[in-house]
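Please open the structure in a viewer and keep the selection tool at hand. The stops below are meant to be followed in order.

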Amino acid sequence: MAGSIDWGFWGEGPGTEALGEVSGKRVLDIGCGTGRYAAHLARAHGARVDAIDSSATQLRRARGQYGNTGGVSFVHGDAIEYARAGTPYDVVYSVHGLSYIDPDRALPAIRDALRTDGRLVFSVLHTNAEGVGPSASVRPRVEEVRLSGHAPLSVHVWVLSPSLWEELLIRHGFDIEGIEILAAPDAANPVRCQLVSGVRSRS
Ligand SMILES: C[S@@+](CC[C@H](N)C(=O)[O-])C[C@H]1O[C@@H](n2cnc3c(N)ncnc32)[C@H](O)[C@@H]1O
């Protein structure tokens, strides 16, 4: 189980506190992967977490490791379809899951899945391993994912500038709380991430 949420780099930068107080709150984890953060929030912070991932393999791992953890419910499926059908959450978060979903599809559904004043906090890629920075238009691009023991995998991801994320959030009914650029601890590593937080607006 994780000891804190790593939004960008292991042991660096803001951790679980970026979500605010989650004790007793309904929380949705979008793209939960192996479920380590969902289990951490339930066990160490008393949150009630629904954790969803569209990968059957990841969900199998999550259920295998944390399936008996009180306060966590793992769901296999598309997070946006799920968000559309659920009852309102206090907090929705995603650690590098929203990079894979069209923001014009994801953000309206997440907004509707949050109670008024509910928070959305997520991290996404900002600059890749080759030092290529974010795109200035809302289009996915191809990035290579390197997993140990596997050949590099080409995936479509939305790597957007902070001003585009801000524009998108406002357009889809959020007030911006902040966008922080997270740098790697190793100065030679060009990778940067963004930690974005917003609140469902009252209007
Ligand atoms: C980079 S991984 C991050 C996993 C986890 N949040 C972590 O930090 O360990 C992104 C995850 O998002 C999931 N994902 C991508 N699109 C999704 C969608 N539409 N609905 C649910 N999960 C999705 C992928 O299957 C993958 O497990």
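The model is predicted: local features require pLDDT of at least 70, side-chain atom pairs count only at pLDDT 80 or more, and totals for chains, interfaces and linings use all residues. Residues are numbered from 1 along each chain as its sequence is written, and side-chain values use heavy atoms, leaving out hydrogens and water.

**The sheet.** Select the seven strands, which form an open, mixed sheet in the order E3-E2-E1-E4-E5-E9-E8. Strands are DSSP runs (E, at least two residues), as helices are (H or I, at least four), numbered from the N terminus; two strands pair if DSSP finds at least two bridges between them. At the edges, strand E3 (72-76) and strand E8 (174-183) each pair on one side only. Next, select E1 (residues 26-30) and E2 (residues 48-53), a parallel pair with five bridges. Here Val 27 stands opposite Val 49 in E2.

**The helices.** Select helix H2 (residues 56-66), which lies across E2 and E3. Helix H4 (residues 103-113) lies across E1, E4, E5, E8 and E9. In both cases, contact means heavy atoms within 4.5 Å.

For Val 95, a backbone N or O atom lies 2.9 Å from a nitrogen atom of the ligand.

Terms used: Axes are lines fitted to C-alpha atoms, for helices over the stretch in contact, and angles run from 0 to 180 degrees between N-to-C directions. A polar contact is a pair of N or O atoms within 3.5 Å; within protein, one must be able to donate a hydrogen and the other to accept it, and residues adjacent in sequence count only if both atoms are side-chain atoms.
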